[in-house]
Amino acid sequence: QRGGTYSNSHMVSAKIKSVLEAACGKSKLDETILDYIGGVLEEDEQISLEDFSGMASPFLMDSGVATDDDSAEQLCKSILENLKLSKDGTEKVAVSTTMKKLSAPVNLSQQIVEKKFVGDEKPDWAKIAEKPTLVDSDKLEAYEARREKLKAQKLNQPVKEKQVILPSSIPTVFHSNAKTATNMNRDIHLENFDIAYGKDMLISNGQIHLAFGRKYGLVGRNGTGKSTLLRHISAREIMGIPGHVRILHVEQEVHGDDTTCLDCVLQCDVEREKLLKEEKELNVSDASSSENSDRLRRIYDRLQEIDAYDAESKAAGILAGLGFDPEMQNQATKSFSGGWRMRIALARALFCAPDLLILDEPTNHLDLYSTLWLESYLEAWKGTILMVSHQREFLNGVCTDIILLHHKKLEEYKGNYDSFESTRYEQLRQQSKQFEAQNKQRKHVQAFIDRFRYNANRAALVQSRLKSLEKMQMVEELTNDPNVVIKFPDPSALIPPILQFNDATFGYDPSHLLFRNLNMGIDMDSRVALVGANGAGKSTLMNLLAGELEPTGGQVIRNPKVRFARFSQHFVDQLNLENSPVEHFMSTYPGVTIQVARSHLGSFGLSGDIVLRTINTLSGGQKSRLVFAVLAWKQPHILLLDEPSNHLDIETIDSLAQSLLEFKGGVLLISHDERLISMVCDELWYFHDGKVERFNGDFNDYKKMLLSQLGNQNPLLKKQ
């Protein structure tokens, strides 16, 4: 009893139980089975005879109440009819809703002992199990799962099952046919969900609405849970995703084997592969028979219907856009590095064209040309896209909406990233003004209350002011995330030349040189960006500068006192994931105290318990900042940075750019991030056709050149 109202659920259960006992016999059915079947009937009052019989018949036959399926079904029918008659004859009983004060305290445990209850039956809270159940728990669990599945099918909701991810599983192309419903709503509405990682809450009371055909960019600081959210959506672990919506998450590289790149993509079209195989088998057998001829005709019609003959050119076009030339497309996938296999995984996803394409940092393994191609391709995409990217220009080119993950909340904004940034700035400015105005008003009211609190003549006014303060809706104080400052210490001065190539030539294969007769140099004030296609030799040039490789011809002159600091994704991937950041730092630089190590890591945004957790729990951006912190301790003269912006959030990239501008040493940069190159570098070294040349123009001129090449070589976009 609560608030004077008594629920009638117990009364309904008693009625259902009496009907079951009358039909089956009180002594034949186990008490647990009675409660279970009664619970099903109580939960779904409109249950059909077919569903009820399918659930209850095995129990009735196991306990001997029914001898076979027919008698069990007849008994189930009788139960439903009797239950309907029982409900129709029940009159509503008026229940008192007034609260009553007890005359004395009531000891509930004493009542159980003394059996002081109204009527013969104990309430639920006083029931004690008198004997162990004889029900097969495995059977009960199986029937419960079957009932949940039937219930979910009625509601058109997917049944939550354990996800099994097989290494060999591949995305699949979906082809509609005459029986396929093409008008089903493919919007996704996710509401009131929480996501936690261990004890840390990442998202609280989250809401996302994804309209079909729109492209959403998910942004936020490193470590806030963006990638975790993408995984939960792709695994359908959040309720609200329609079962007919096809989702594809590009997260893992393809498995390397003897399959060629082109075939690896084409294998996603399972129906096409199956039809072509069947066509080949029929042609080898007796194709002249009427049955085989009819089947071949249907196969050719279906192949024509699904554009099977254009599939190879479509797959080749996607691979070409992502940097695979015709020779590479016919190479085995096992011959490629992890970065190139990620490109193949991306190509398969684009080829499959799912309803919802989920991308996590899709440009991380791409050069600038491939990034521009992907931007154009996704801009023409007809389905829904949800992606995490920290590249401002890419978000501007692709996205129609931005979702901000901030302080465990999700906020949606219309427009691209620039539009979001201006809207967000104005929103925060207005919130700050409202907070200040409200604080000023509250102080004024509080001063009046404090002044006249004990004045009897002003008592009514004081009470009025107190009520106004209580009713005042508080404006939240503006709380910004702390800025991450990446700071490289100024090195000691060196006398030029610092680094110099003199007629340097290099190639892993003498018959295929990456560059020849190179004559260039780097000083303490150099800000150089290396640009060109992947595989042209940009990373190799960095290895030559750092002394990890020696030229096959000519020489590289290095100042003997110069200190290098090199960043690459390879170093991030080689971190010992079982160590904590502070352990990694102290093992790299023995003799450094834990206080000094924590202070230095804190200056790179790694503070609090983050530095004590194992590295495998850190986000990609936090791992990159750890590597930067280790490099900065060396006080380098020259920074060799290979894709340093990968995994960093936009605010940290801006901080990195500012730090490189202020750095007193030289910088050599490889990046696909347009904003980072434009802000930092004043010189471009262009790798092409076995040569390295200073590009005549700035980065915008280089981008225009690539866009013109893209327009000439991109007929696939128009077709899409």
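Of the 720 residues of the protein chain, 43% count as buried. Buried means under 20% relative accessible area, exposed over 50%, and partly exposed in between, with a 1.4 Å probe and protein chains only. The model is predicted: local features need pLDDT of at least 70, side-chain atom pairs count only at pLDDT 80 or more, and totals for chains, interfaces and linings use all residues. Residues are numbered from 1 along each chain as its sequence is written, and side-chain values use heavy atoms, with hydrogens and water left out.

The protein chain holds 26 helices and 18 strands. These are DSSP runs numbered from the N terminus: helices are H or I with at least four residues, strands are E with at least two. A contact means heavy atoms within 4.5 Å. Among contacts in the protein chain between residues at least 6 apart in sequence, 69% join residues at least 24 apart.

Six strands make up an open sheet with mixed pairing, in the order 14-15-16-12-17-18. Its edges are strand 14 (564-567) and strand 18 (691-694), each pairing on one side only. Neighbouring strands of this sheet are turned by 15 degrees against each other on average, direction ignored. Two strands pair if DSSP finds at least two bridges between them. Within the sheet, strand 12 (residues 527-532) pairs with strand 16 (residues 666-670) in the parallel sense, over three bridges. There R527 stands opposite V667 in strand 16.

Strand 7 (residues 401-406) and strand 8 (residues 409-414) run antiparallel, joined by six bridges. L405 has L410 in strand 8 as its bridge partner. The two strands form a hairpin with two residues between them, and H407 in the turn has a positive phi of about 55 degrees.

**A helix pair**

Helix 9 (residues 270-284) and helix 10 (residues 290-305) have axes that come within 10 Å and cross at roughly 150 degrees. Axes are lines fitted to C-alpha atoms, for helices over the stretch in contact, and angles run from 0 to 180 degrees between N-to-C directions. Helix 9 and helix 10 are therefore roughly antiparallel to each other. Angles under 35 degrees count as roughly parallel, over 145 as roughly antiparallel, 65 to 115 as roughly perpendicular and the rest as oblique.

Helix 9 contributes E271, R272, L275, L276, E278, E279, L282 and N283 to the contact, and helix 10 contributes N292, R295, L296, I299, Y300, R302 and L303. These residues divide into seven nonpolar, two polar and six charged. Ala, Val, Leu, Ile, Met, Phe, Trp, Tyr, Cys and Pro count as nonpolar, Asp, Glu, Lys and Arg as charged, and the others, Gly among them, as polar.

T333 is found in the loop between helix 12 (326-329) and helix 13 (338-352). L606 lies in the loop between helix 21 (594-602) and helix 22 (620-632). Y197 sits in strand 1 (residues 188-197).

| Residue | Relative accessibility | Class |
|---|---|---|
| T333 | 0% | T333: buried |
| L606 | 0% | L606: buried |
| Y197 | 49% | Y197: partly exposed |

The contacts below leave aside residues up to four places away in sequence. T333 touches H255, G256, D257, T259, T260, C261, C264, R341 and I344. L606 is in contact with R598, L601, V611, Q622, R625 and L626, leaving aside its neighbours within four places in sequence. The C-alpha atoms of L606 and V582 are separated by 9.5 Å, at 24 residues apart along the chain. Y197 touches L202 and T617. Y197 and T617 are 420 residues apart in sequence and 9.5 Å apart in space, C-alpha to C-alpha.
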